[in-house]
Amino acid sequence: MLVLGPIGWRAGWWHFRFAFLTLMPWAAYFGIAALIVAALSLLLGRSRIEWRGIAIAAAAFAAGALIAYVPWHYDQMRQTVPPIHDITTDTDNSPAFAAVGDGANRRWRQSGGV
């Protein structure tokens, strides 16, 4: 799901919002589920499975961690930047921000945004 989201958006199969707001969180949930199942397999079944099973469970744990980490990391990066409608490329003669439906610009102006 993590790889399919951007590929489907680039191929025109769906809107980028579906790729990043629906598929990416679900990829994180499945990654967390893989982490839990792999951890339980390693903790509870290590005496019953041979070394190949342990290697597969360890690989599933690493893959689940990576799949859960990517959406979390992008969410952390998203929280450090301003919303896209708060950005201007013309810094000398920047346009006045107008209120948007969710009121984000109104809150931005009230908070003393520059």
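This is a predicted model: local features need pLDDT of at least 70, side-chain atom pairs count only at pLDDT 80 or more; totals for chains, interfaces and linings use all residues.
Local features were taken at pLDDT of at least 70 and side-chain atom pairs at pLDDT 80 or more, whereas totals for chains, interfaces and linings use all residues. Residues are numbered from 1 along each chain as its sequence is written, and side-chain values rest on heavy atoms, with hydrogens and water left out.

Of the 114 residues in the chain, 18% are buried; burial denotes under 20% relative accessible area, exposed denotes over 50%, and partly exposed lies in between (1.4 Å probe, protein chains only).

Two packed helices are described by the angle between their axes and the distance between the axes. Helices H2 and H3 pack at an angle of about 150°, with axes 7 Å apart, which makes H2 roughly antiparallel to H3. Axes are lines fitted to C-alpha atoms, for helices over the stretch in contact, and angles run from 0 to 180 degrees between N-to-C directions; those under 35 degrees count as roughly parallel, over 145 as roughly antiparallel, 65 to 115 as roughly perpendicular and the rest as oblique. The crossing of H2 past H3 is left-handed, that is, the near helix is turned anticlockwise from the far one by less than a right angle (clockwise for right-handed).

Several residue pairs were examined by C-alpha separation. Ala33, in helix H2, is partly exposed at 34% relative accessible area, and its C-alpha atom lies 7.6 Å from that of Gly64, 31 residues away along the chain. Leu42 also belongs to H2 and is partly exposed, at 25%; Leu42 and Gly53, 11 residues apart in sequence, have a C-alpha separation of 8.9 Å. Arg46, in the loop between H2 and H3, is exposed, with 54% relative accessibility. The C-alpha atoms of Arg46 and Ala57 are 9.6 Å apart, at a sequence separation of 11 residues.

The largest pocket has a volume of about 610 Å³. On a 1 Å grid over the protein atoms alone, a pocket is an open set of points where a 1.4 Å probe fits, with protein on both sides within 12 Å along at least five of seven lines, and lining residues have an atom within 4 Å of a point. The volume is the space filled by probe spheres set on the points, which are joined across faces, edges and corners. The lining comprises 17 residues, with Phe20, Leu21, Met24, Tyr74 and Arg78 nearest the pocket centre. Helices H2 (16–44) and H3 (51–78) each supply at least two lining residues, and H2 gives the most, with 9. By class, the lining holds 14 nonpolar, no polar and 3 charged residues (nonpolar: Ala, Val, Leu, Ile, Met, Phe, Trp, Tyr, Cys and Pro; charged: Asp, Glu, Lys and Arg; polar: the others, Gly among them).

How values were computed. Helices (H or I, at least four residues) and strands (E, at least two) are DSSP runs, numbered from the N terminus.
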